Amino acid sequence: MSNCVLWARVSSREQREGYSIDAQLRITREKAQREGWHIVREFVVAESAKRGAERVAFNQMLKWVVANARKHKITTILAHKLDRICRNMRDAVRMQELEDKHGIKLAFVENQFGPGAAGALSFNIMAAVAQYYSDNLRQEVLKGIEERVRQGWTPGLAAFGYVNVPADRERPVQLHPENARAVRRIFELYATGTMTFEQIGDQMQREGFVFRPSQPRFHRTAISYILNNPYYIGLVQFRGEYFVGKHEPIINKETFEHCQKLLKKKNRRTAKVNHYLAASMFVCGHCGFGITAERIRRTNKRDGRVREYIYYRCANVYPDKDHPTVRWREDQLEAAILTDLESLRIEDDETRQWFRAQLVESCKNETLVREERLKNLRRRKADLEAMQQRLLDAYLAGAVDKNTFTAKTALHKEELDRIEADIQTSRAAPLTGLEQAVEAFDLAQTAAERWRVSTKEERRAILEAVLLNRTLNATSLVTTKRKPFDVLAEGPILKQSRGNWIRTSDLLTPSQAL
């Protein structure tokens with residue numbers, strides 16, 4: 001009696017169409033009984049026909065047959081039809097190699113192939129037909145999926161935050177009450193621009209949100225997937241295209257786009273900067289190396305308390321013999337910076353207020369022109385919207401035909417879009433030279449005070465905005481101010497000139513005024 005291995009397979013689509021795996025098993029078992037073959041093992045598989053999907057069970061079957069062919073004296077692999085075991089030419093070649101190397105033949109209930117070249121040709125033709133069927137089935141399935149996606153339906157399982165409800169044909173994808181709330185919270189936390197993925201995961205855990213029972217904590221990959229997924233604003237992605245979905249959005253478009261900007265900028269780190277005056281903020285005045293920071297812990301011999309001190313020193317590990325010791329304690333460096341920033345301030349209140357008033361007065365004309373333009377744009381926008389409403393009322397009343405309504409609506413929309421773009425451009429327009437001068441003056445007069453009350457990150461921003469070059473020597477801090485702060489640091493006064501216009505060229509130092 002010969003021994004055989006039985007193989008039975010149906011796809012998920014065939015199961016829905018009523019093609020039973022039990023019927024296939026019954027037919028193949030009857031075939032083995034008629035031929036007098038003993039079934040050593042049965043491999044039963046229900047899998048999809050997706051291209052490129054790893055046929056795990058098929059590979060396991062081949063491996064097992066090769067490993068046990070001699071032990072169990074296997075001579076045949078029995079299947080219902082060729083397309084049950086060979087879905088493409090590659091499968092057919094592998095089965096032929098199995099026969100050539102191990103003498104194990106293929107047998108079928110319905111397909112019979114004769115010996116010799118004619119039988120091999122028939123086998124190859126049937127294998128090609130099986131591959132054609134598999135490819136055609138795949139194309140038809142993809143067509144159906146694409147059409148459903150274009151209609152707004154979700155292909156496959158919905159994203160985290162939603163739940164599939166197949167029984168509801170009107171709303172097959174619905175919000176999950178807890179998970180949807182977790183998605184909103186993740187976007188809220190990240191939109192602040194002050195939290196990393198790890199910090200968001202910690203916060204979600206503290207607030208009691210659970211990702212999944214087997215993995216309660218929201219890990220980095222899950223948070224990144226959620227933040228980058230446009231499904232949460234109502235879009236369905238398919239083959240690189242986006243379609244408006246029928247599911248309910250969890251996040252509004254503005255919040256999602258804001259988070260995308262933060263992701264692109266990688267603006268994720270908000271942990272406190274301990275050594276905020278290091279990292280390219282200062283350079284050594286002797287060798288040009290950067291200034292680095294070090295933390296020193298010292299124990300008080302009297303009370304045993306440990307005190308920490310932060311020092312900033314030259315990062316040159318191979319200094320010249322004549323290189324001085326450039327090493328500043330943090331509080332000493334902060335005091336020197338504060339003194340430098342205070343040099344920008346005009347001490348006399350009356351002079352400072354008068355100077356700013358002159359700058360503001362000079363800006364009025366330019367500001368008025370911009371505001372007047374914005375008023376005109378908004379007025380024209382309101383007129384167009386009123387015209388469109390009157391046009392719609394006339395169309396609904398039958399006073400205007402469809403072609404006229406469509407043509408005029410298109411013209412109104414085109415002009416409205418152009419006006420809205422102009423309004424946004426005017427709002428986002430860069431400051432004029434005089435407006436920049438007012439802002440620079442205000443920053444210069446408050447730089448020292450801002451420094452005192454700012455965080456370490458904000459202090460770095462103030463230094464980068466005001467100081468162009470920052471050099472540390474053994475005993476002094478030397479800075480070069482950016483324009484126009486360099487003029488203010490020298491103690492500017494206003495030269496008498498015609499009109500109220502104040503230009504940088506009109507600013508003189510006290511020595512020049514004399």
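Predicted model: local features only at pLDDT ≥ 70, side-chain atom pairs only at ≥ 80, totals over all residues.
Cores to begin with. The largest nonpolar core has 36 residues, and Phe187, Phe218 and Tyr232 have the most contacts inside it. At least two residues each come from α7 (177–191), α8 (197–206), α9 (220–228), β7 (235–238) and α10 (253–265). Helix α7 gives the most, with 7 residues.

Take Phe187. Leaving aside neighbours within four places in sequence, Phe187 is in contact with Ile226, Leu227, Tyr232, Ile251, Thr255, Phe256 and Cys259. There is also a second, separate core of 30 residues, which includes Ala278, Cys284, Tyr312 and Leu338.

Now the rings. How many aromatic pairs are there? The count comes to 11. One of them is Phe43 with Trp64: the centres are 6.1 Å apart and the planes stand at 65 degrees, over the 60 needed, so this pair is edge-to-face. Phe43 sits in strand β2 (residues 38–46) and Trp64 in helix α3 (residues 56–72), 21 residues apart. Both count as buried, Phe43 at 8% relative accessibility and Trp64 at 19%. Arg41 lies over the face of Trp64, 5.1 Å from the ring centre.

Phe160 and Phe218 form another edge-to-face pair, at 5.7 Å centre to centre and 80 degrees between the planes. Phe160 is in the loop between α6 (116–150) and β5 (162–164), and Phe218 is in the loop between α8 and α9, 58 residues apart. Phe160 is buried at 16% relative accessibility, and Phe218 is buried at 1%.

Last, the cluster. Tyr162, Phe187, Tyr231, Tyr232 and Phe256 form one aromatic cluster. Elsewhere, Arg327 lies over the face of Tyr311, at 4.0 Å from the ring centre.

Conventions: Residues numbered from 1 in each chain as written. Heavy atoms only, no water. Core = buried A, V, L, I, M, F, W, Y, C linked by side-chain atoms within 4.5 Å. Buried < 20%, exposed > 50% of the residue type's maximum accessible area, 1.4 Å probe, protein only. Helix = DSSP H or I, 4+ residues; strand = E, 2+ residues; numbered from the N terminus. Contact = heavy atoms within 4.5 Å. Phe/Tyr/Trp six-rings, centres within 6.5 Å; stacked < 30°, edge-to-face > 60°. Lys NZ or Arg CZ within 6 Å of the ring centre and 35° of its normal.
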